[in-house]
Amino acid sequence: MMHARPAELDALRDAVCRCLAAAWPEGALTPRPDLAERLPRLWASMAASGQTVIGHPESGFGIQAAVIAAMEHGVAGSPAAIIPSTIVNLACHTAAPDIVEAVQAGTLLPAIAYAAFDGDHAAGTARLAAGHLCGNLNFVEDVPVASHLVIFVDQGLAVIARSAAGLVATETPGLVRPAFHRLDLQDCPARLIPLPRDRLDDLARIARLLYAARALGAARRAFSLAVENAKTRRQFGKLLAQFQAMQHKLANCEIALQGSEAMLPHAAMLCDAGDDDWPLFAEAAIAFASSQLRQTSVETQHALGAMGYAEAHEAPAHFRRVHGDLCRMGGAHRAQAALFDAVRSRGALPGFWLGDGAEAYRARVKAWLAQNWDDAAQAEERGKPEAVRGLDPDFVRRLAQAGLLSASWPAEHGGENLGFLEQLALNEELEAAKAPYSLAVCISWLLAPLVISHGRPELQAEILPRARRGEIVAALGYSEPEAGSDLSNLKTRAVRDGDDYVITGQKLWGTLTEKATHILLAARTDPEAQPRRDGISLFVVPADLPGITIQPHMAFYGHSFCTQFYDDVRIPGWCLLGEENGGWPLLGSALASERVFMGGKVRKLAGIFGRILDHLGEQNDGRPGGGTAERIGALAAELLVARLFALRSIVALEDGRMPIVEGAISKVFSGELAERLSETAIDILGTGGLLGSEAADAPLGGLIEHELRTALMMVIGGGAAEIQRSIIAQQGLDLPR
Ligand SMILES: Cc1cc2nc3c(=O)[nH]c(=O)nc-3n(C[C@H](O)[C@H](O)[C@H](O)COP(=O)(O)OP(=O)(O)OC[C@H]3O[C@@H](n4cnc5c(N)ncnc54)[C@H](O)[C@@H]3O)c2cc1C
C-alpha cells in the first residue's frame with residue numbers, strides 16, 4: 001500500500017509541471033528531430049524532480065502519483081518514458097534493485113513491450129528459454145531513445161539491451177508519433193525478473209490505466225485550446241462560443257473529461273490502498289476514458305475547424321496521442337468485456353465509501369428498514385397499481401418519526417446536524433430497498449432546508465414540527481404555460497396587501513400536487529423588474545386555501561402531475577421565503593438540490609443494472625456474445641461515473657458550495673444514462689422488455705418499460721438536458737451567453 005497524502009500529491013504535480021515547463025518548454029510543439037539529445041536532459045530533470053522513483057514502494061508515490069504524472073506528461077505532449085519507469089519501479093524493486101537504481105539515475109532508459117499481456121491481437125509474442133528471447137513484437141514505444149527493452153514474458157519481465165545481438169527494430173509509421181516500432185528477436189540474451197502471472201496481469205492493467213491518464217492530459221490540453229479559440233474567434237458577427245451548438249459540443253466534452261478525471265484517480269487510489277475492487281474500477285476507468293476521450297478529441301478537432309487542422313498547430317499532436325494511448329492494449333472493448341466479467345463475478349456494482357459518519361448512518365437506515373420494510377410489505381407494494389406505487393403516507397410517517405427525514409436539520413429544530421452525505425446514504429438505501437418514500441422527497445430535500453435557512457419563525461413553526469412527524473407533503477409550483485425552461489418568464493402574481501400577499505395565476509406539471517399539504521410557489525412580486533428574475537419571490541403556500549384548484553393529469557411514468565390555479569389566494573406575509581424579489585437565488589439553489597437529488601437516483605439505476613445482469617446470467621452460461629457483454633460493460637462504467645458525479649455534487653454541498661455546474665453534469669449524465677440503460681435492456685430482452693408489471697411472466701417483472709418512461713422524465717424534469725448543457729458551458733467553461 002502506498003499512501004501519499006493529498007498535499008504530497010499536489011506538490012508532486014507542481015514539481016512535474018515545473019520540470020516539464022523547464023525541460024520541455026514548447027510542449028507538444030517541441031521539435032522532435034533532436035529527440036535523442038533532448039530526452040536525456042528531460043529525463044535528468046525528471047529524476048531531479050522525483051518522478052523517476054514513482055512506483056517504488058519506498059518513494060511513497062504509487063499509482064495515484066503515476067496517474068498525476070502521466071496526465072501532466074500528456075498535457076505537455078512529452079515523450080518521456082514515465083510509464084515504463086513506473087512499471088520498472090513497481091516490478092523490479094526487490095528482484096533487480098540495480099535496474100531500478102539505473103532507471104532512477106537516468107542511465108537506463110526503458111521501453112516496454114507487453115507481448116501476450118498486451119491484449120491487442122496483433123501485438124505479437126515473445127518466448128524466453130535458456131536466457132534467450134525469441135519472438136516478434138509490435139506497437140512498441142520509445143524504442144529509438146531507449147537503452148533497454150523490458151518485455152513481458154510468461155515467467156516475468158525479460159530485460160535486454162537495445163544494442164543486444166539478434167534484435168532488429170523497425171519503425172512502423174502511422175498516426176502515433178514518435179512512431180511505434182516492430183521488434184524481431186532472435187535468441188537475444190536476456191535477464192529475467194521473475195514475476196507470477198497475476199502480478200504481470202496487474203502490471204499490464206496499471207500500464208493501461210496510465211496510458212488512459214496520459215491520453216486524458218492530452219485531451220484536456222487540446223480541449224482547452226478549443227475553448228480558447230471559441231472565446232476569441234468570430235464568425236457571423238459573433239464569437240464562436242456564443243453559438244449554442246458550440247456550447248453544447250464543448251459541454252459534452254467537459255462531461256467526458258470530468259468523468260475521466262474523476263474515475264482514473266479513484267481507481268488509482270483504490271489500487272494504492274490495496275482495495276480488492278481496484279481492478280474493477282481500473283477497467284471501468286479505462287472503458288469510460290477509452291471511448292469518451294477519443295470522441296472528445298474528435299469533437300475538439302471539429303471545434304477548432306481548419307485552425308486546428310494544420311500540423312503546425314498543437315491539437316493534431318494531442319489527437320495522435322489520445323488515439324495512440326487509448327486504442328492500444330485492447331482499448332475500450334477489452335476494458336468493457338473485462339468489466340462485464342468483473343461485475344458479473346462480483347454479483348453487483350460496487351458502491352462508494354461515503355466516510356465513517358455516513359456509513360454509520362447507512363447502517364442505522366438499514367436496521368430501520370429491516371424492521372419496517374419486510375418481505376410481506378414489499379410484496380404488497382409490488383402488487384399495487386402503478387399510480388399509487390411508491391406513495392405510502394404511512395411509511396413516510398414512520399420514516400419521519402424515526403428521525404430519519406430530519407437528521408440533517410440543526411439541533412435547535414429537532415435534527416441531528418448530520419450532513420448531505422448522510423442524506424445520500426439514506427436515499428441510496430431507500431432506493432435499494434425500493435421503499436415507497438416518494439411523498440417525502442420534496443419536503444425533506446427542498447422545502448424543509450429552505451424553511452430552516454430562509455423561513456420566518458411563524459413559517460418554521462407551521463412546517464417543521466409537522467414535517468418531523470411526517471405530516472407534510474410538499475409540491476413544487478414553478479412551471480407555467482410560458483415558463484418551462486425559461487422560468488424567469490413566470491407570470492403568476494403575488495401582490496402585497498397589508499400583511500398578506502394575494503396570488504393569481506396558473507402553474508403546470510406540479511408532481512403529486514393533489515396529495516400536497518404545501519406548495520413551494522415561485523411568483524412575480526415586481527412585474528417591472530429588469531432582469532425579470534429580479535422580480536420573483538418564493539412562498540410556501542398551504543395547498544388547501546380557498547381559491548386554489550388542483551387538476552391532476554397522469555404523467556407518462558405513471559404518477560400524476562397537476563395544473564394548479566390560483567384565484568386571489570390570500571396568504572400571510574410570513575409565507576415568504578427570504579426577501580421579497582429575492583426568490584431567484586433561492587430557486588437556483590433549490591433547483592441545484594433537485595438536480596443533485598435526481599443525479600442521486602443513480603443508485604436505483606444500479607439496482608436495475610443488477611437485475612439485467614441476473615437475467616443475462618440465467619440466459620447464458622458464459623459471456624453473452626454479439627457485443628452484449630461490451631455494451632453492458634460500457635454501461636457499468638457509466639453507472640460508476642454517474643455515482644461519482646452525484647457524490648461530487650453532494651461533497652460540494654457538504655463544503656458549503658452550491659453545486660450548480662456539478663449538479664447540472666450529474667443530472668444530464670444520469671438522466672441520459674437512464675435512457676441508455678433502458679434502451680439497452682430492451683435490445684437484450686426483445687419484445688418482452690415492453691411488457692409491464694401487470695403482464696404475467698414479464699421479464700424482470702415489467703421493470704424496463706416503466707424505467708424507460710421514467711428516464712424521459714429524468715431528462716426533462718428539473719431542467720431539460722439542453723438547459724443543463726448551457727449551464728455547464730456558461731458557468732462551468734465561462735463561455736459568453
Ligand atoms: C414528470 C414531470 C414532472 C414535473 N414536475 C414538476 C413540478 O413538480 N413542478 C414544476 O414546477 N414543474 C415540474 N415539471 C416541469 C419541468 O420542470 C419542465 O418540464 C422543464 O423545466 C422543461 O420545461 P418544458 O417542459 O416547458 O420544456 P420547454 O422549455 O418547452 O422545452 C422543450 C424542449 O426545448 C428545449 N429548449 C428549451 N429552451 C431551450 C433553449 N434556450 N435552447 C435549447 N433548447 C431549449 C428543452 O431542452 C426541451 O428539450 C415536471 C415535468 C415533468 C416531465
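Which backbone N or O atom lies 2.8 Å from an oxygen atom of the ligand? The answer is in the legend of View 1.

All views show a predicted model, in which local features need pLDDT of at least 70 and side-chain atom pairs count only at pLDDT 80 or more, while totals for chains, interfaces and linings use all residues. Residues are numbered from 1 along each chain as its sequence is written, and side-chain values use heavy atoms, with hydrogens and water left out.

**View 1. Backbone atoms next to the ligand.** A backbone N or O atom of S479 lies 2.8 Å from an oxygen atom of the ligand. A nitrogen atom of the ligand has a backbone N or O atom of L476 at 3.0 Å. For W509, a backbone N or O atom is 2.8 Å from a nitrogen atom of the ligand. On its own the ligand has 960 Å² of accessible area, and the protein covers 66% of this (Shrake-Rupley method, 1.4 Å probe).

**View 2. The shell around the ligand.** The ligand is surrounded by 18 residues, and the closest are Q244, S485, W509, T511 and E722 (a residue is near if one of its heavy atoms lies within 4 Å). By class, nine residues of this shell are nonpolar, eight are polar and one is charged. Here Ala, Val, Leu, Ile, Met, Phe, Trp, Tyr, Cys and Pro count as nonpolar, Asp, Glu, Lys and Arg as charged, and the others, Gly among them, as polar. Strand β13 gives the most to the shell, with three residues.

View 3. Strand β12 (residues 493-497) pairs with β13 in the antiparallel sense over five bridges. Strands are DSSP runs of E with at least two residues, helices are runs of H or I with at least four, and both are numbered from the N terminus. Two strands pair if DSSP finds at least two bridges between them. R496 has Y501 in β13 as its bridge partner. Two residues stand between the strands of the hairpin, and G498 takes a positive phi near 65°.

**View 4. The antiparallel sheet of four strands.** This open sheet has the order β2-β3-β7-β6, with antiparallel pairing. Its edge strands, β2 (124-129) and β6 (167-172), each pair on one side only. From one strand to the next the twist averages 10° (axes are lines fitted to C-alpha atoms, for helices over the stretch in contact, and angles run from 0 to 180 degrees between N-to-C directions). Strands β3 (residues 132-140) and β7 (residues 180-189) run antiparallel and are joined by six bridges. L183 in β7 is the bridge partner of L137.

View 5. A second open sheet of four strands has the order β1-β4-β5-β8, with mixed pairing. β1 (110-113) and β8 (191-194) stand at the edges with a single partner strand each, so one side of each is left without a neighbour in the sheet. Six bridges join the antiparallel strands β4 (residues 148-153) and β5 (residues 156-161). Helix α4 (residues 82-92) lies across β1, β4, β5 and β8, and runs at about 80° to β1 (contact means heavy atoms within 4.5 Å).

**View 6. Helices α14 and α19.** Helix α14 (residues 420-432) packs against helix α19 (residues 628-654) at an angle of about 145°, with the axes 8 Å apart. F420, L421, L424 and E428 in α14 meet R643, L647, I650, V651, L653 and E654 in α19. The residues of this contact divide into seven nonpolar, no polar and three charged.

How values were computed
A polar contact is a pair of N or O atoms within 3.5 Å; within protein, one must be able to donate a hydrogen and the other to accept it, and residues adjacent in sequence count only if both atoms are side-chain atoms.
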